[in-house]
Amino acid sequence: MSAASLVAELVAAFRAEGRIVIVGASLAGLRAAEALRERGFRGKLTVIGDEPHEPYDRPPLSKQVLEGWVHPDHTRLPRRRAVDADWRLGVAATGLDRVNRQVLLANGDKVDYDRLLIATGVRARQWINPREAALEGVFTVRTCDDAARLQAALHADPRRVLIIGSGFIGSEMASVCRKLGLPVTVTERADGPLVGALGGVIGDIAARMHRDAGVDLRTGVAVEALEADDGGHVRRARLSDGATLDVDVVVASLGSIRNVEWLEGAGLASGFWGVGCDAGCRAFDINGVVTDNIFVAGDIARAPHVLYEYQFISMEHWDNAVSGAQVAANNMINLETERCPHLPLPMFWSAQFGVNIKGVGVCSFGDEIVFTQGSPDQRRFAAAYGRRGRIVGAVTFDHGKWLDYYGALIERSAPFPPPPPGYDRPGDMTPIPARFPDPRVPTEIPTVVLTGHDPTTRGAEFRRRS
């Protein structure tokens with residue numbers, strides 16, 4: 001038997017009898033399980049999730065669920081096919097034993113694997129003071145249970161809602177509050193909403209959207225403390241400019257934290273920005289050696305991207321979770337020559353204050369912006385971001401039909417400023433500074449982040465194998 005025939009036989013045997021464990025009953029976890037079965041894996045498949053719920057869709061939680069026209073229990077993701085898996089829900093993974101190829105669970109169980117997919121995603125960053133975070137009326141939104149509790153609070157006619165942070169989620173929730181007719185204050189430490197993701201030029205437009213909708217938007221200020229009544233319910237917020245607010249509901253929208261703690265001591269390249277992997281979704285160990293049997297997908301993955309100077313990129317986007325899961329599934333059960341890369345062009349969308357915001361690429365990689373179509377004053381436009389003479393990102397406000405056009409330009413590293421599509425040109429197409437904040441300035445963390453280096457240091461840590 002030739003070497004090629006032997007390898008093919010081993011792959012066929014793994015597809016029939018192998019053991020694959022997916023940690024993370026998420027969008028990525030579900031789509032990976034479906035893809036494995038679709039591609040012919042017939043072995044044992046286990047899906048582990050710390051929530052008791054089957055995989056559900058998260059984007060509606062900050063919009064339709066809070067508005068009240070979608071029940072939190074009705075966000076379950078549709079099944080594209082039967083997956084025939086052992087679902088271990090409501091129990092968290094607490095450790096990874098790579099030597100014995102076992103996932104350790106909070107209930108003391110150990111789950112054996114031949115291939116492992118890490119899809120544990122992110123969780124909401126809690127309010128910085130644990131005692132204040134535990135007050136009644138203080139919320140974060142990440143899970144369907146979070147959304148259900150906040151929905152009930154918003155529909156109980158609070159006097160005022162305070163939202164801390166004006167990224168995409170914070171802005172969407174402010175929009176919902178105004179739809180419900182609720183007084184809402186938004187505090188933001190930066191100069192305006194969305195500046196971490198889209199820069200100050202777009203932040204100025206977003207700020208006008210907030211204020212025109214009746215939001216009490218306060219920029220350049222932080223919340224210093226939350227105060228409660230004798231019953232333990234939040235009633236007041238003290239701001240860094242000396243002002244105080246009487247509030248009944250506080251929502252901390254401070255970004256997310258990657259769920260990597262369970263990997264401590266496993267020797268993988270895991271940390272603040274997630275788990276490092278190659279373009280084939282194979283995890284790196286702490287010294288950059290690629291593993292053969294551990295894969296990563298979804299929000300927790302960070303991989304080098306050819307379009308962005310091979311910097312590592314982390315994406316908290318729906319499309320990235322789906323496509324990454326499918327690539328990981330394919331590569332887990334195929335020969336090297338049949339494996340494929342995951343090189344997604346980031347795409348995102350948000351609906352707020354009656355405007356559909358859609359983007360493509362890594363806008364925060366650019367340092368200039370130019371309006372290429374439409375009218376910023378009318379909040380119906382397309383704008384492109386550039387760096388070193390090429391287009392790296394684009395954003396549209398109620399102009400999303402042109403997103404594919406700009407995506408194609410980004411993919412082929414077209415020059416910046418880019419050629420406009422031919423009509424609907426604004427009067428002034430002069431590039432201007434995009435005004436992204438210094439990375440060291442605390443603000444909301446964008447949902448797409450280039451993590452190739454720490455912007456505050458050039459240091460590194462080298463760990464010898466013991």
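The model is predicted, so local features need pLDDT of at least 70 and side-chain atom pairs 80 or more, while totals for chains, interfaces and linings use all residues. Residues are numbered from 1 along each chain as its sequence is written, and side-chain values use heavy atoms, without hydrogens or water.

A cavity is a set of points on a 1 Å grid over the protein atoms alone where a 1.4 Å probe fits but cannot get out; lining residues have an atom within 4 Å of a point. Points join across faces, edges and corners, and volume is the space filled by probe spheres set on them. The whole structure has three cavities of 30 Å³ or more. Of its 17 lining residues, Ala303, Met315, Asn320, His342 and Pro344 are closest to the centre. Strand β22 (301-304) gives the largest share of that lining, four residues. Strands are DSSP runs of E, at least two residues; helices are runs of H or I, at least four, both numbered from the N terminus.

Now the packing. The largest nonpolar core has 69 residues. Such a core joins buried (under 20% relative accessible area, 1.4 Å probe, protein chains only) Ala, Val, Leu, Ile, Met, Phe, Trp, Tyr and Cys through side-chain atoms within 4.5 Å. Helix α7 (residues 195-212) gives the most, eight residues.

Definitions and conventions: On a 1 Å grid over the protein atoms alone, a cavity is a set of points where a 1.4 Å probe fits but cannot get out, and a pocket is an open set with protein on both sides within 12 Å along at least five of seven lines; lining residues have an atom within 4 Å of a point. Buried means under 20% relative accessible area, exposed over 50%, partly exposed in between (1.4 Å probe, protein chains only).
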